[in-house]
Amino acid sequence: MQQHVGGLSGCQVDLFGAPSLLHNEFMPTDSARGDLMTAIVTTGSGGYDKLVVSAVPRPVPGPGEVLVRVLAAGMNNTEINTRVGWYPDGGWSDATPFPLIQGTDCCGLVCAGEGIDESVVGSRVLIRSCMRVDGFSSMQTRWLGSDMDGAFAQFVVVPASEVFAVDCEWTDAELATIPCAYGTAENMIARAGVHRGSTVLVTGASGGVGSAVVQLAVRRGARVIGVASRAKHDQLRELGVDDVHGREADLVGTLGKHSVDVVIDNVAGDGVGRLLDLLVRGGTYVSSGAIAGPIVEVDLRTMYLNDLTLLGCTAWGEEVFPNLVSYIEAGEIRPLLAESFPLEQIAAAQQRFLEKSHVGKFVLVPPVVLEARN
């Protein structure tokens, strides 16, 4: 069974205030160190001091589980939100089980397992971030890196049902941009019924989820309108956006009321009411985030008089992740890797991430795992 980090026994290094360390020189895991691995342990809610570079026991797979060597781990808003205590109940579903190894995105190599199909061993895989623990008829979820130890480490243990082999020429870091952002985007697009000819407005279109929504909606033949800072407009046009506007644009004045079939909004804040004015009668507003603020003001008359549907999306449908893998293998989407960092530079990476000057995703790369010595 998976061993949660629990206590922080073993070697710890507080990176913050310590000299910068080279990626391939920091705490390699080998037989001389025993069954330890390097991990970023989030010790509780707070600042960057809560991110501790640690040597912790390597997890051991139980029945039906696999041990995955992490090749690259994507970064998301959710890891920062969890660390700073942004979620109202302290976590996605329940209170976050600190100390915790975060990391929702994982590209890795299956090393071993117990009671599994042995053909998967040695495969390069993506891990499905959103796990439906009670089956897809239940809305209960278990999220990698939020409800269980995740990918900000050299190894992670997950159920064998949650690893998906991928056959493509993408790099490990490029594949690590996919799971959370693209899974969330595909789930929202599917639940909103986006199809060829739909007009879809995407706020935060340059972010990890937003840029994924753009690609996936374009793939379905939708007309896509993006909202992002002006410095990123050319990059969004390269992704297939038909029309792009600045964050301060008067969208109702420019596009007109009742001009959009679907709004996909992970920005929220004080603009939600105006976004609803854009929707056609019977249109759909979808959200899985609120980076500009979760408390919003909405005129319910706009909703009910126009037969609007408001969708909150967290639990992924069963088809979402297999679909993403098929899109990658068919060359129907492309990775948007903004920058990679060594795992132990997570604080610098999160600081850069919060500047929001990038398009796509940031990725952390763990230290090289050394082979056992003879």
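## Close-up views of a predicted model

**View 1. Leu-201 finds its bridge partner in strand 13, namely Ile-225.** Strand 12 (residues 199-202) and strand 13 (residues 223-227) run in the parallel sense and share four bridges; two strands pair if DSSP finds at least two bridges between them. Helices (H or I, at least four residues) and strands (E, at least two) are DSSP runs, numbered from the N terminus. A word on the source: this is a predicted model, in which local features need pLDDT of at least 70 and side-chain atom pairs count only at pLDDT 80 or more, while totals for chains, interfaces and linings use all residues. Residues are numbered from 1 along each chain as its sequence is written, and side-chain values use heavy atoms, with hydrogens and water left out.

**View 2. Six strands form an open sheet with parallel pairing, in the order 14-13-12-15-16-17.** Strand 14 (243-245) and strand 17 (309-312) are the edges; each has a single partner strand, so one side of each lacks a neighbour in the sheet. From one strand to the next, the twist averages 15°. Helix 3 (residues 179-192) packs on the sheet, touching strand 15 (260-264), strand 16 (279-287) and strand 17, and its direction makes about 155° with that of strand 16. Helix 4 (residues 208-219) also packs on the sheet, where it touches strand 12, strand 13 and strand 15 and makes about 165° with the direction of strand 13. Contact means heavy atoms within 4.5 Å; axes are lines fitted to C-alpha atoms, for helices over the stretch in contact, and angles run from 0 to 180 degrees between N-to-C directions.

**View 3. Helix 1 (residues 77-84) meets helix 10 (residues 346-354), their axes coming within 11 Å and crossing at roughly 105°.** That makes the two helices roughly perpendicular (65 to 115 degrees). Asn-77, Glu-79, Ile-80 and Arg-83 in helix 1 touch Gln-350, Phe-353 and Leu-354 in helix 10.

**View 4. Phe-98 and Pro-99 are joined by a cis peptide bond, with omega about -5°.** Look for Pro-99 in the loop between helix 1 and strand 5 (100-101).

**View 5. Asp-307 has a positive phi of about 55°, although it is not a glycine.** Its place is the loop between helix 8 (300-305) and strand 17. With 43% relative accessibility, Asp-307 is partly exposed (buried is under 20% relative accessible area, exposed over 50%, partly exposed in between, using a 1.4 Å probe and protein chains only).

How values were computed
Angles under 35 degrees count as roughly parallel, over 145 as roughly antiparallel, 65 to 115 as roughly perpendicular and the rest as oblique.
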